[in-house]
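Student: I have a structure to read and some questions about it. Can we work through them together?

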Amino acid sequence: MSHLTQEERNALPDSAFGLPEKRAYPIDTRARASNAKARATQEYERGLLTAEERNRIDQAADQRLARDD
C-alpha cells in the first residue's frame, strides 16, 4: 500500500473515509479499506473507538471491498 500524502488525503472527498465527520480511516482503495477495518478493531479494543464507530467503519469498508474496481 502506498503512503497517502497530506495533499492526497486532503483531496479525498468525505465519502472516502470510514468516519467522514472526522476524515479518519481512509477507504478509497481496497487495501486502505481492509486496513481501516483492522485498525478500527484495534482502536476499539484499546477503548479509543465506540462500538458504533467501529461498526460504521466496518460497514463503509465492506461497501468499498464489495466493489469490483
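Tutor: Start with a term. A salt bridge is a side-chain nitrogen of Lys or Arg within 4 Å of a carboxyl oxygen of Asp or Glu. Keep in mind that this is a predicted model.

Student: Glu53 forms a salt bridge with Lys22. How many residues apart in sequence are the parts that this pair ties together?

Tutor: The closest N and O atoms of Glu53 and Lys22 are 3.0 Å apart. Glu53 lies in helix H3, and Lys22 in the loop between strand E1 (17-19) and E2, so the pair ties together parts separated in sequence by 31 residues.

Student: Is Glu53 buried or exposed?

Tutor: Buried means under 20% relative accessible area. Glu53 has 14% relative accessibility. Its partner in the salt bridge is Lys22, which at 51% counts as exposed. Glu53 itself counts as buried.

Student: Which residues are linked with Lys37 in a network of salt bridges?

Tutor: Lys37 forms a salt bridge with Asp62, with closest N and O atoms 2.7 Å apart. Lys37 lies in helix H2 and Asp62 in helix H3, so the pair ties together parts that are 25 residues apart in sequence. The network links Lys37 with Asp58 and Asp62.

Student: Which residues of H2 are buried, and why do they line one face of the helix?

Tutor: Seen down the axis of H2, the buried residues fall within an arc of 95°, so they line one face. They pack against E2 and H3. The buried residues of H2 are Arg32, Ala33, Ala36 and Ala40.

Student: How many residues make up the largest nonpolar core?

Tutor: Its members include Leu19, Tyr25, Leu49 and Ile57. Strand E2 (24-26), helix H2 (30-45) and helix H3 (51-66) each give two or more residues to this core. Leu49 is in contact with Leu19, Tyr25 and Ile57, among others. The residue count of the core is 11.

Technical notes:
Residues numbered from 1 in each chain as written. Predicted model: local features only at pLDDT ≥ 70, side-chain atom pairs only at ≥ 80, totals over all residues. Heavy atoms only, no water. Core = buried A, V, L, I, M, F, W, Y, C linked by side-chain atoms within 4.5 Å. Buried < 20%, exposed > 50% of the residue type's maximum accessible area, 1.4 Å probe, protein only. Helix = DSSP H or I, 4+ residues; strand = E, 2+ residues; numbered from the N terminus. Contact = heavy atoms within 4.5 Å. Arc of directions from axis to C-beta. Lists of a residue's contacts leave out its neighbours within four places in sequence.
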